[in-house]
Amino acid sequence: MTLPTPLASSRAGLAATRTALPNGAVVIAKETRAIPAVTINLAVRAGSVCDPSAAPGAVHLLSRVIDRGTTTRSAGDIAEDLDSRGITLTVGVTRHALSLICTCLSEDFDAVFALLGDIVMSPSVPDDELAIRKAEVTTAIRQDEDNPAVIAVESLMGLLYPDGHPYGRRTKGSADVVEALTRDRLVRLHVERFAPSELTAVVVGDVPTGRATGVAARVFSDWRVPPPAPVMLPRVKGSTRRQRLVIPMMSKAQADVAYGFTTIARADPAYYACWLMNNALGQYSMGGRLGDSIRERQGMAYYAFSSLDANVVEGPLTIRAGVGPANVDRAIASIDEEIRRLTQEGISAKELKESQQYLIGAMPRALETNAGIAGFLQVAEFFGLGLDYDLRLPDFLRSVTLDDVHAAARRILDPDRATIVIAGPYSDR
Amino acid sequence: MRVTTLDNGLKVLVQEDHTAPLASVWCWYKVGSKDERPGLTGVSHWCEHMNFKGTTNIPREQVKGIIEQFGGSWNGYTWIDQTTYLETATRDALDRMLFIESERMANCLYHADDCESERTVIISELEGGENDPDQLLDQEVTATAFKAHPYRHPTIGWLSDLQTMSRDDLYGYYRRYYIPNNATLVLVGDMETDDALRRVDRYFGGIAPGPAPSRLRTVEPQQTGERRLTIRKEGTAAYVKLAFHAPAVTGPDFFPLLILDAVLTGAKGLNLWSSFRMPPPQRRARLYRALVERGLASIVGGALLPTQEPFLYTVSATATDGTPLTSVETVLLEELDRVVRDGITDAELTKAKTQLKARLVFDNDSITNIAHQFGYFETIAGLDVFLEMPSRIAAVVLDDVVRAAHAILCPSNRTIGWFDPIAR
C-alpha cells in the first residue's frame, strides 16, 4: 500500500501532519513526548443533526451502543481489551460529530487504534446490549428532567431553534422515542451516515507521526462506503421579540437562568469579534462583566457567565446564572443592563486588549496536553481552518478592532429580542 | 526535584519541566474542613473565596486579569484536609504568580462588605449542590457515617453557620492558618531551579512564621453496627450509596483497598484535580457487570480518596428507571459479601495493577497536574507517599486484598443511604 504524502506545516507551531487517504478519510498526527501515552480522537461527521426527524436521540443512542460489539468482536471482548489496558473509551455526540476518544499507553497504540477503527466501521448493535443502553439513556433522561440547569438550557435551545430545527432538539431525545428505536433503525443510521469521507482521525502523543499515519491507513484504507447525502439545516430565524418561559421546580433550592440569542456561523468574518465580545461579556477572569456584576458586586450567584457556540449555522450565545429564587428577577435585570450597555457603548480599549492578550496567551495551556491538542486539531479540520491555524489564530484575534466588537454586539445582542428560561423554585404567580 | 524549607518554615518543591513554555505554581495550606469547630463549619472554604478579593498590595480592582494578562488561569479549592491555590501561565508570569501567592499568604483584606457579598455567593453554591440528589445523598451519608470526627460535616458548611459567621471569624481563621510554617509551595514548569528558589525567597522569605495551629484531636470511634438513612424528596431517579470507614492514605490497607476498588468498579486515578475528567475502565469490573450489565443500574462507581485521617470508601449506584432500590442494594451487598468471602483472583489483581499504572501516567499529563500531585500528597501525608505509590501498588498481594476486604467491607462498618424519589 502506498501512502499519500503528508502535508506538513512549514513553520513552527504544532506542525501536525495531515494525510488524506484515497477513500476520503483524513488522518492528522502530531508527535509529543511529555508522557508515554497517546490520545486517539476519531470524529465522524454524524452528530445529532443526523437524527431522523421522527427519532431525535437516535444518534445519541447509537453512540451508547456503538462500542458494545462489532462484527468480529463481542461486547465482552471489547470490554476486556479496554479494561486490561487500563483505558477508557469515551463516545460523545455533538450537533455535528460523533467522537470516539481514548488515551492509552504508547505501547498499546496499534491495538487500541485497530479496536477503535473496528468500532467505527463495523458495529453490530447486539439486541441485548441495546436493551441495556436504552435503560441507561432513559434513566439519564429522567435525571435530566430533575436538573434545573439541563431543563433551562434545553428549553432555551428549543425556543431559539423552534419548528424542529436540529439545534433545538434534545441530543438524548425523549424516553418514548428511545424506547421505540430498534436495532435495525440504528444499523441503518450507521450505514447511512458513517463513511470514510466523514471521518477525521487525530493521533497525538508518544508515537512517531509516520507510524501513527501508517497504522491509521492500514485500519481505514479498505473502508469503502460512498459519502452520505449532506444534511440540509433549516435557516435560523432569529427571535424578533423578547420571550420568557418559567418552568417551576419548587422542590429545588436554586433556580437556573438561561438567557440567549442566536448568533453567527463559525465561518462568518465577524467570528473573532464575536468571540472577543463574548469573552469580555461573560468569560474574562471570573465571568467577565456578568461575573463582575452578578457575582462580585451583587453577590447573587456562584456562577454567571456566557458562552458562544458559533457553528455550521448560526449557533447560540447563552448566558447562565444560578441564583436563589428571590434573586431571579434582579439577576435577569442585571443581564439586561449589561447587554444594553454593551450594545450602546461597546467595550473599552482596555477590555479589548485584555481579552486579546488572554485568548492568545492561553494557547500554550490549551495545547499542553495530548487531549487538548487533539481537540484543537479536530476543530481546525472540521471548520477547514488549516494545519497552521495555531500560528494564524493570534493574528485573527489581534486584528479585531473596538468597532468590530461593538458591531458584533449590536448585531447579536438586544434585550428586547432575548429568550429567557427560568427553571427552579420560582413562579411568575 | 528540589525540596527545601525556608527559614520561616515554608516548604518549597521545585521541578523543572521544559515540555511547554509554561509554569504552574500551587500554594497549599494544611487547613480544611476537618479543622473547623461547630458553628464555624464552612469557614475554610469561605476563607478561600475571600482570598481572591484583593490584598494590601493588590487593589481590589486590579485582581481581575492579574494572571489572565499572561494567558493564565488561576483557581483554588478546599477540601477536608487542605486548601490550595494555583496559577498556571506562561513562564514569564512566574514572578507574578509568586507575588500573588505571597500576598495571599500575608496580606488579604477581608473587607466587611466583601465578606457579606460572598456570604450569599457561598449560600448560592450550597443551594446549587443541593439541587443534585446524588450530592445531597453523599452529604447525608457522610454525616451519618461519622458521629464524632469533623470529616462529618460538608466542606461548604452547614447553612446556619454560613448565615451567622462574622467577618472576625473569617479573618481570625485566616490569620491562624495562613502562615508559611503551615504551607507548601510547589513550582513546576519551564524554569531554572536555582533561579526559581531565589525568586521564592524574595517573595516569601520576609513573611513571619506563626504559632503552629492547634488541631482537633477527635478520633472517630469504631462503628459498631450498620447505619441507614433514606431521603424522600421530589425527584426522578433513585440512588443508593454505601460508605465504609476506610484507612488514611498512610494506612497499611489503603493500597490493597485501592486494588479492591479497581476490581469492583474500575481503577480511578489518584489526582483529585484531574482524575474525574476521565471515567474509570470498568466494563469488566465486578459491580459494573452485576448491576449495569444486568440493567439494574445505569451508573455504578467507587471512591477511595487519599486522606490524612481515616475517611470513607464509598460505592454508589443509580437505579435504572423503574428498578427498586432494594434490588440494587441486594446485588451490591451480595457482590461485596462474595469478595469478602472468596477474595479476588490473580488475574484480577494483575489487571487492577495494570489499570492503576496507566492511570498514574495519565494523572501527570500537564505541569498543573504534576504540581497538584506533589502538593496534595506533601500536605496530607508527605511527598514520599506519592513517590512510593507505584512500588506500594506493585507490592500488594492477594492476601493483602483479602485482609482489607474483611476489615473494611463488613456490615458493622457500613452506612447505607437511599435517595428514594417522590414523583411530582
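This report covers the model, its two chains and the contact between them.

## Model and confidence

This is a predicted model, in which local features need pLDDT of at least 70, side-chain atom pairs count only at pLDDT 80 or more, and totals for chains, interfaces and linings use all residues. Residues are numbered from 1 along each chain as its sequence is written, while chains are lettered from A and ligands numbered from 1 in the order in which they are written.

The predictor gives the complex an ipTM of 0.93 and a pTM of 0.95. Chain B has a mean pLDDT of 96 (pLDDT is the predictor's confidence in each residue, from 0 to 100). In chain B, 100% of the residues reach 70 or more.

## Chain A

Chain A holds 16 helices and twelve strands. Helices (H or I, at least four residues) and strands (E, at least two) are DSSP runs, numbered from the N terminus. The C-alpha atoms of chain A fill a box of roughly 65 × 50 × 40 Å along the principal axes.

Of the 429 residues in chain A, 57% are buried. Buried means that 20 or more other C-beta atoms, placed from the backbone, lie within 10 Å of the residue's own. Among contacts in chain A with a separation of 6 or more, 80% join residues 24 or more positions apart. Two residues are in contact if their C-beta atoms, placed from the backbone, lie within 7 Å.

## Chain B

Chain B holds 16 helices and eleven strands. Its radius of gyration is 22 Å, close to the 22 Å that the globule rule gives for 424 residues, so chain B is as compact as a globular protein of that length. The box of its C-alpha atoms is roughly 60 × 45 × 40 Å along the principal axes.

Buried residues make up 54% of the 424 in chain B. Residues 24 or more positions apart account for 81% of its contacts with a separation of 6 or more.

## The contact between the chains

Chain B gives 52 residues to the contact, and chain A gives 54. On the side of chain B that touches chain A, the elements with two or more residues are strand S5 (83–90), helix H4 (112–130), strand S7 (227–234) and helix H12 (346–362). H4(B) supplies the largest share of that side, nine residues.

The chain B side divides into 14 nonpolar, 22 polar and 16 charged residues. Here Ala, Val, Leu, Ile, Met, Phe, Trp, Tyr, Cys and Pro count as nonpolar, Asp, Glu, Lys and Arg as charged, and the others, Gly among them, as polar.

Technical notes: Buried ≥ 20, exposed ≤ 12 C-beta atoms within 10 Å, placed from the backbone. Rg over C-alpha atoms; globule rule 2.2 N^0.38 Å.
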